[in-house]
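Welcome, and please take a moment to look over the sequence and the 3D view. A short tour follows, one topic at a time.

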Amino acid sequence: MLLGEQEQFLSYNGEVLIFQLSKTKHTEGAADKTMNLCVRRMVFNRDTKLFVQKSSGVFSMRASHLKIEIICCSCTMDSRTGIILPCILMKKKKRNNVVKYLLLLLHSSNQFEQSFHFKLDYELKEDIRLFTGPSVLWRHANKLFYISCDTCTVLSAPVQLSSVVWTGEIEDEGTVVLGIRTACLPESEDEDEFSTSDRAIWGSEFFGYAIETQKMLTSICFMPHAYSRVVSSVYVCKNEILKKQPRISLVAITHKNQLIWFQDGLPKGVCELPYEKPCSVKTAVTSSNDLLFIVSFASGNICVVQRRDSLQVASKWQKVKTVLVDDFIGSGSEQLLLLFKDDSNTDVLSTFKITDLGEVNYASGINYKHDVPAAEGLQENSLLTIQALETRLQAGCTSVRELQQHLRLKKRVILESCRALIDLVEERTHILPTAKEVKCRRECRSEGLVSLWDDVENPPHSLSKETSLASKVPEHFIEKLWQRVVGDSLVVGVKLTESFYLSLSDVSLSLVMDQDFSSISPIIECRNKIIKLNKAFSALAVSSCQIEPPPKKMKLDLHSKNDLKKEFPKRCSRVQLDGAKTVIAVTSLSPLLAFHRVCCIVLLHAKKQKHRNDSLQESKKITVLCGKILLSLEDISNGKYSVKMLRDNSYCTGSMEDILAVLAVSVRFSFQIVSSDCTLTPVNSWLLGVMECTPFKECHDNIFCHKAGNVYGTVFNWTLKNPFEGVLTLFCRNLTVLFQCLHSLTRVLPPSCDVKLLRSRSKGVLTEQLALALEKEMLTLRSSFSSKESKAENSLTWGNEPGKKTSDAPVASLLDSEEGVQQFRKKLQNEREESVLSMNQTMNGALYQEIALKIAEAQLSSDMIVWRLS
């Protein structure tokens with residue numbers, strides 16, 4: 001903002017704030033004068049494509065013998081509540097050269113609050129900055145001064161400087177001032193020789209000063225000292241601490257009309273600017289995740305530099321009054337608002353342009369009734385064209401993979417046919433290799449081809465036969481088989497490839513002991529979980545088949561008690577895969593250790609989906625042999641399969657399998673935390689401080705608790721929807737750990753916070769699933785009874801037997817004679833017997849059990865969803 005302007009612009013939460021000073025009218029002879037600071041909140045209307053006034057506010061000041069001006073305005077954080085508010089610095093100049101400054105805060109109700117005021121015997125002119133507190137910083141006589149709402153006293157920093165190029169927040173340091181000063185060469189030889197010689201040559205250096213801790217920071221991580229003579233302004237894009245070393249990315253503009261990108265103190269790119277005298281730089285992140293650098297020039301020109309492969313000027317404008325960056329159209333990303341100088345129009349928002357150098361492009365002075373629909377149509381057509389091209393590209397890649405598989409299969413068939421032809425010519429008997437034949441059959445089925453040889457399906461009769469006949473899926477369908485020991489639980493995981501798991505449903509694992517024990521069952525009782533990690537590893541979702549409603553119906557079995565031992569017990573029948581890639585089985589470890597050394601076969605059970613022409617699905621149960629795991633007491637004692645969660649430079653070093661194992665043995669709880677008065681910044685401090693949590697290297701948004709005691713091993717996920725609302729997800733071993741964590745959390749939360757337990761799934765999703773489950777239940781009932789009714793109708797013969805003709809004589813004529821009455825009575829008796837037979841039809845016991853089982857499964861699914869909704 002330029003000094004002395006009586007009209008200032010500021011963007012705040014997508015709104016444009018316009019601050020103006022105006023004098024009030026008084027009656028003649030009145031001595032006192034009042035100056036009003038007016039604010040107008042303007043929002044962009046996407047229907048009319050114009051800015052409209054949302055609300056306004058006024059702050060009155062007595063201006064007797066005073067000259068009042070707006071110095072600058074910015075958005076800063078109020079340290080009392082943690083809320084970012086618009087902040088305005090005002091100046092009142094008195095006749096005796098005493099200058100009074102007021103710092104005002106603007107609240108959402110358009111009420112102004114005077115944060116603090118201070119007096120100086122000189123005017124602020126150089127490097128004035130507003131930062132967190134709110135606080136004011138400025139440079140005067142090559143010295144750095146600052147004042148905050150906490151002290152209300154002007155403080156001086158013990159540094160000499162020639163300019164301030166940036167003020168902002170640095171991780172672990174708070175508010176930091178980056179400036180340039182005359183080089184102070186060290187007397188000792190401890191510092192870097194290159195840095196010392198660099199300062200000696202140029203005579204100036206960069207330095208960083210932390211306001212809160214009042215200490216000097218090393219400037220090597222910012223820029224080399226050789227640039228101290230030419231840099232005029234800096235914007236720090238990213239800063240973090242890795243391995244106790246600051247990692248900083250920034251962009252700087254120079255007096256040589258250049259924009260330079262620095263990474264960890266080294267220049268990574270440079271761009272020549274189109275105009276002279278650049279004065280400031282800011283950034284914007286667009287909807288396409290492009291990082292734009294907006295450079296303002298003293299002449300009123302603006303240019304935008306885009307950073308992709310290299311720094312390039314993407315666009316430029318002239319005669320710009322000011323440029324603001326915010327989400328003005330409510331799209332979720334940032335745009336540029338350019339306000340142009342227009343002397344012919346008094347309305348400050350009459351000439352503007354909103355753009356993100358992509359799809360968003362609004363400008364004033366356009367007849368939107370005629371022009372905009374065409375422009376929007378072109379943008380929409382372009383977007384649809386891009387989406388269609390992307391779809392064609394993906395389809396082309398899929399076709400290429402299918403052609404490659406088909407060519408490999410074709411090559412094997414041709415090779416085998418050549419061998420058969422050679423054997424035929426040489427009058428030899430050609431024998432097909434069994435292994436290759438089976439492999440070819442499976443690949444033919446997966447490709448939708450028909451085998452040239454006869455396939456014989458052998459139904460499983462016993463557990464040993466089922467394990468031996470389990471379909472061995474090609475190796476590329478199963479990425480990894482792993483095991484972990486967590487407490488008294490054994491966790492076994494199978495990671496499936498994407499092409500395989502997308503066609504499955506009702507997935508579960510079974511563990512079968514490979515040894516032959518006559519006294520015990522070889523089946524290992526276990527529970528299944530399916531854990532999903534999204535592509536960015538930013539969230540964890542666990543779906544468990546262990547939770548069931550208390551009033552559960554009795555399940556029907558197709559087998560007797562003897563046959564029941566041969567089946568795989570306690571497998572979940574309604575576990576939807578839901579995009580997951582890792583299926584996990586959890587079982588008790590201590591019973592297995594009684595055998596000292598155990599070898600277990602891992603079987604995966606699922607339903608293979610097949611699509612019909614009418615888009616309905618039919619499924620076929622499959623059993624896949626995933627491999628074997630070995631478990632011995634010696635390996636467990638040596639910690640071979642233990643979960644290793646160690647700290648390494650503020651990160652938890654657990655592997656992805658370790659993370660999944662911890663989540664599998666944990667119970668998931670989600671809480672919605674809402675604060676009406678203050679922001680929820682204490683939650684993050686509580687996690688990193690009191691709970692001693694560190695983020696996983698594999699997924700940074702999830703953190704592991706290293707605090708000693710029962711809470712050790714708890715996994716947290718803290719997601720902020722906005723500064724006043726967030727969702728805290730806990731993965732803990734039991735309810736005792738949950739209560740301990742909640743008790744510790746309530747100590748740091750403000751009393752006004754509302755903590756609410758969330759269901760595992762939203763009501764909207766569960767309602768949709770309930771509708772689908774009820775529809776499936778209705779279709780199952782209709783199909784079952786309609787098929788039986790048709791069979792009953794076909795088995796009965798209405799009226800007389802085939803071949804016999806029924807007399808078509810009227811009833812009155814039959815009743816005239818005794819013979820006719822006997823014929824009518826016989827006919828009526830036959831119809832009555834046939835009606836009784838039609839109502840007392842019997843069916844096969846196996847068919848009845850199959851129908852009853854289908855109906856019970858459908859009803860169980862709908863009852864489960866109703867219980868979750870209730």
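## The whole protein

Of the 870 residues in the protein, 40% are buried, where buried means under 20% relative accessible area, exposed over 50% and partly exposed in between (1.4 Å probe, protein chains only). This is a predicted model, in which local features need pLDDT of at least 70 and side-chain atom pairs count only at pLDDT 80 or more, while totals for chains, interfaces and linings use all residues. Residues are numbered from 1 along each chain as its sequence is written, and side-chain values use heavy atoms, with hydrogens and water left out.

The protein has 15 helices and 43 strands. Both kinds of element are DSSP runs numbered from the N terminus: helices are H or I with at least four residues, and strands are E with at least two. Among contacts between residues at least 6 apart in sequence, 54% join residues at least 24 apart; a contact means heavy atoms within 4.5 Å.

## A sheet of four strands

Strands of a sheet pair through backbone hydrogen bonds, either parallel or antiparallel. Here, four strands form an open sheet in the order β17-β18-β19-β20, and their pairing is antiparallel. Two strands count as paired if DSSP finds at least two bridges between them. At the edges lie β17 (231-242) and β20 (266-272), each of which pairs on one side only. From one strand to the next, the twist averages 15 degrees.

Now look at β17 and β18 (residues 245-254): these antiparallel strands are joined by ten bridges.

## A mostly covered strand

How many residues of β25 (residues 320-326) are buried? Six of its seven residues are, so to speak, under cover. β25 pairs with strand β26 (residues 335-340) in the antiparallel sense, over six bridges. Opposite T322 you will find L339 in β26.

Helix α10 (residues 681-690) packs against helix α11 (residues 735-748) at an angle of about 125 degrees, with the axes 10 Å apart. Axes are lines fitted to C-alpha atoms, for helices over the stretch in contact, and angles run from 0 to 180 degrees between N-to-C directions. That angle makes α10 oblique to α11, because angles under 35 degrees count as roughly parallel, over 145 as roughly antiparallel, 65 to 115 as roughly perpendicular and the rest as oblique.

On the α10 side, the contact is made by P682, W686 and V690, and on the α11 side by C741, S744, L745 and V748. These residues divide into six nonpolar, one polar and no charged. Ala, Val, Leu, Ile, Met, Phe, Trp, Tyr, Cys and Pro count as nonpolar, Asp, Glu, Lys and Arg as charged, and the others, Gly among them, as polar.
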